[in-house]
Amino acid sequence: MAEKSSDIIKFLFNMKVVATINHNIDKDTAEYIVKEFGHHPILEEKPSIEKNKSNEKIKGEVKTRPPVVTIMGHVDHGKTSLLDSLRDSNVVSGEHGGITQHIGAYQVQTDNKKLITFIDTPGHAAFTEMRARGSKITDIVVLVVAADDGIKPQTVEAIKHAKAANVPIIVAINKCDLPEKNISKIKNEMMQHELIAEDLSGDTLFVEVSAIKKINLDKLKESILLQSEILDLKASYSDKAKGVVIESKIDKGKGPVSTILISNGKLKRGDYFICGDTWGKIRAMINYEGKIVDEALPSMPVEILGMNSSAYAGAEFIVTEDEDEAKKLAEFRKNSSSKNKTLVKDKTTLFEDKKDKEELNIIIKSDVQGSSEALKMAITKIEHKEVEAKIILSDIGMINETDVSLAKASSAVLIGFNVKPNREAKKLAEEQKVDIKYFNIIYEALDYVEKSLSGLLEPDIKETVLGSAEIQKIFKVSTAGKIAGSKVISGEIKSKSKARIIRDGVVVYSGEILSIFREKNQVKEVGTGLECGISIKDFIDFKEKDVIESYLAEEVQRTI
């Protein structure tokens, strides 16, 4: 605009916006300034992939696609066991502590050769984010409730997610082979959440299953197919592919790897794509069975290789015409996402009186995006008015030297979740004396963070008053200075205990009892009613009628 930067800064300051020449400002403010200075703002045209979203029609060869089913429910109600039975494999034994910590995606074939895609979401409370994402890419939610346990907080949470995503729910009552099952109680409880069973004249499908005994699994598949027929799910089998990232990780040999669920179109090897703010070319695709495939069709989960950097879970995956378009869009998205982190703040918040909290710096390295995100979410929820956890880095992949150096420089706690350091990082950590903590269960990682935060809290001082003595007369002793000749009026006075001198109800000195003499003999303690001579460390300014109070003080470590 050929205007002086100082004029603009001054103008912003008058608008109660504190900014320097290096700050970014948001679009509306910039437009307002340009107009105020008598210029005409020209807004930049955005290369948008979203343009064609409004008139988005399914083109090409349109067919019915398999339903995408998310299995949700409370922790330990048997979601993964149910999936294992459906696809005859065993995932639970491979999960730490029997808790699913990743989103897994599998396809199951029914007897009449129809496919169903299942997404297994973790049940632990900290994985709310991942579960919310699980329900957004879903056609049907299967809510697993244990017949012997009933409705739990996370069951209710799963119902809320499914309703927010406007997705039909099928309730699978698991563990129905147990003698302590109570199915009518569950059906009645479900009515509070507007899920009414068909036998109670409602429209929600309830299926009683047993994952271990494999009871009624076919009935569950039938219910899913029945529900998907009502939804009439269609997708193009020939258009350019679109999808969503379910999970992403950095593999030691393969580099950034993401699990994509195709929502429309056909994904072929060699396609260029954009995903979040990264791009790449499909070098290989691996299906849920671990086999390399050349193409992926709608509702099919595939692991793709060929990304330039790891995409965040939940990112949109879109195939582009060619490499140039992919690069251009990725570059634009990168720029716009950094611009969104506008640095300018309102003046009132900038100079707000912030109470200094003790901070615990944390670096998290995890095997997959979902876990690092879930840990991050759970840690930021730990609140205390004196201490706070500050996550300075949350990333995926092995722990490397950079992480160790950063932990050393910022005195951070380095947490490895399902990952180990490489050789160089391990060596550097030993040299720099950086402690790396390894976890594979989220509860344990959170407990460790809470304990570390508790260590930052100032300990409470617990006082126990032992007794008090009144000074009757003051003696001068050549070797020890002044001695207070006192009479114990309550409790007992102990040598080497803490002491305070109280004069007219005011504490004039706090220190320690050096020694107690009784009839020229040094003693350890003196009881009520007896007279003694007391000397106090670094204090001689005694006055008659002063009270000496003897007490013990111990530190009590607080916890969050």
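**Pairing, packing and burial**

Mentor: Ser248 stands opposite Ser258 in strand 11. Keep in mind that this model is predicted.

Trainee: How do you know that strand 10 and strand 11 are paired?

Mentor: A pair needs at least two bridges. Strand 10 (residues 242-251) is joined to strand 11 (residues 255-264) by nine bridges, and the two run antiparallel. Nine bridges meet the cut-off of at least two, so the two strands count as a pair.

Trainee: What joins strand 10 to strand 11?

Mentor: A hairpin does, and the link consists of three residues.

Trainee: How do you know that strand 10 also pairs with strand 18?

Mentor: Three bridges are found between strand 10 and strand 18 (residues 316-319), in the antiparallel sense. Within it, Val244 stands opposite Glu316 in strand 18.

Trainee: What makes strand 21 and strand 23 edge strands?

Mentor: Start with the sheet: it is open, has four strands in the order 21-20-22-23, and its pairing is parallel. Strand 21 (387-396) and strand 23 (436-439) each pair on one side only, and that makes them the edges. On average, neighbouring strands in this sheet are turned by 25 degrees against each other, direction ignored.

Trainee: How many bridges join strand 20 to strand 21?

Mentor: Strand 20 (residues 358-366) is joined to strand 21 by nine bridges, running parallel. Helix 10 (residues 369-380) lies across strand 20, strand 21 and strand 22 (413-417), at about 170 degrees to strand 21.

Trainee: Why is Ala172 called buried?

Mentor: Buried means under 20% relative accessible area. Ala172 has 0%, so it counts as buried. Ala172 is found in strand 7. Among the residues it touches are Leu82, Val144, Val207 and Leu220. Val144 is 28 residues away along the chain, yet the C-alpha atoms of Ala172 and Val144 are separated by 4.9 Å.

Trainee: Which residues of helix 6 are buried, and how do you know that they lie on the same side of it?

Mentor: In helix 6 (residues 183-191), the buried residues are Ile183, Ile186, Lys187 and Met190. They cover an arc of only 100 degrees around the axis, which puts them on the same side of helix 6. In general, an α-helix has 3.6 residues a turn, so residues three or four places apart point the same way.

Trainee: What do the buried residues of helix 6 pack against?

Mentor: They pack against strand 6 (140-146), helix 5 (153-164), strand 7 (169-174) and strand 8 (205-208).

Conventions. Residues numbered from 1 in each chain as written. Predicted model: local features only at pLDDT ≥ 70, side-chain atom pairs only at ≥ 80, totals over all residues. Heavy atoms only, no water. Axes fitted to C-alpha atoms, helices over the stretch in contact; angles between N-to-C directions. Contact = heavy atoms within 4.5 Å. Buried < 20%, exposed > 50% of the residue type's maximum accessible area, 1.4 Å probe, protein only. Arc of directions from axis to C-beta.
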